[in-house]
Amino acid sequence: MRESAVRDSGRLLERYDATLAVHPDLTERLTPLREAVAAHTKALAFTTPKAGPAPSRPAPPSPSPSASPSPSAPAAGRAEVPAKPAEALSALADAERSLSEARTIALAGAPGELARMLASVAACGAVHAYLLTSNPGAAS
């Protein structure tokens, strides 16, 4: 479940990167949200070290483009970024909203600490969706 959450966050991060590549004029607006998604990815990937030998499995690498698709990211990556900035922001908001909803649903089956992290990250995603769709004149 944690690995899936890390993959989904990684795909969302790739989506932010693709949007920024197509719309560099959105850098100021998207950078803080992108940084939060990167922090979520890192936090979800973190495993509490146990006493004794070092863990045999390192932190998961950045998600690869060959990873299985999820509703939060398109399979084609950059090709899916809308040409108009307002539409690109809306697409990012939809991705944030979808992932937030999926994480909220996943809470029911998650163990304690992971459930708390998923709830927190889901709440952040809902706020990101709001911020991406507020002040629509900023993207025109």
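How many residues does helix α2 have, and how far does α2 reach from its first C-alpha to its last? Let's start there. Helix α2, residues 27–45, has 19 residues and reaches 26 Å, close to the 27 Å expected at 1.5 Å a residue. The expected span is 1.5 Å times one less than the number of residues, and helices here are DSSP runs of H or I, at least four residues, numbered from the N terminus.

Quick housekeeping. This is a predicted model, where local features need pLDDT of at least 70 and side-chain atom pairs count only at pLDDT 80 or more, while totals for chains, interfaces and linings use all residues. Residues are numbered from 1 along each chain as its sequence is written, and side-chain values use heavy atoms, leaving out hydrogens and water.

Back to α2. Its buried residues are L30, L33, V37, H40, T41, L44 and A45. By buried I mean under 20% relative accessible area; exposed is over 50%, and partly exposed is in between, with a 1.4 Å probe and protein chains only. Looking down the axis of α2, those buried residues fall within an arc of 125°, so they line one face of the helix. That arc is taken from the directions from the helix axis to the C-beta atoms. On the face turned away from the buried side, you'll find exposed E28 and K42.

And what covers the buried residues of α2? The cover includes α1 (2–22), α3 (85–106) and α4 (112–133), with contact meaning heavy atoms within 4.5 Å. Turn to α3, and the cover of its buried residues includes α1, α2 and α4. Among the buried residues of α3 are L89, L92, E96 and R103.

Now, charges. The whole structure has 4 salt bridges, each a side-chain nitrogen of Lys or Arg within 4 Å of a carboxyl oxygen of Asp or Glu. Take R34 and D17, whose closest N and O atoms are 2.5 Å apart. This pair links distant parts of the chain, with R34 in α2 and D17 in α1, 17 residues apart. R34 is partly exposed at 23%, and D17 is partly exposed at 30%.

Another bridge joins R11 to D8, at 3.1 Å between the closest N and O atoms. They sit 3 residues apart in α1, so about one helical turn separates them. R11 is buried at 7% relative accessibility, and D8 is buried at 15%.

Definitions and conventions
Helices (H or I, at least four residues) and strands (E, at least two) are DSSP runs, numbered from the N terminus.
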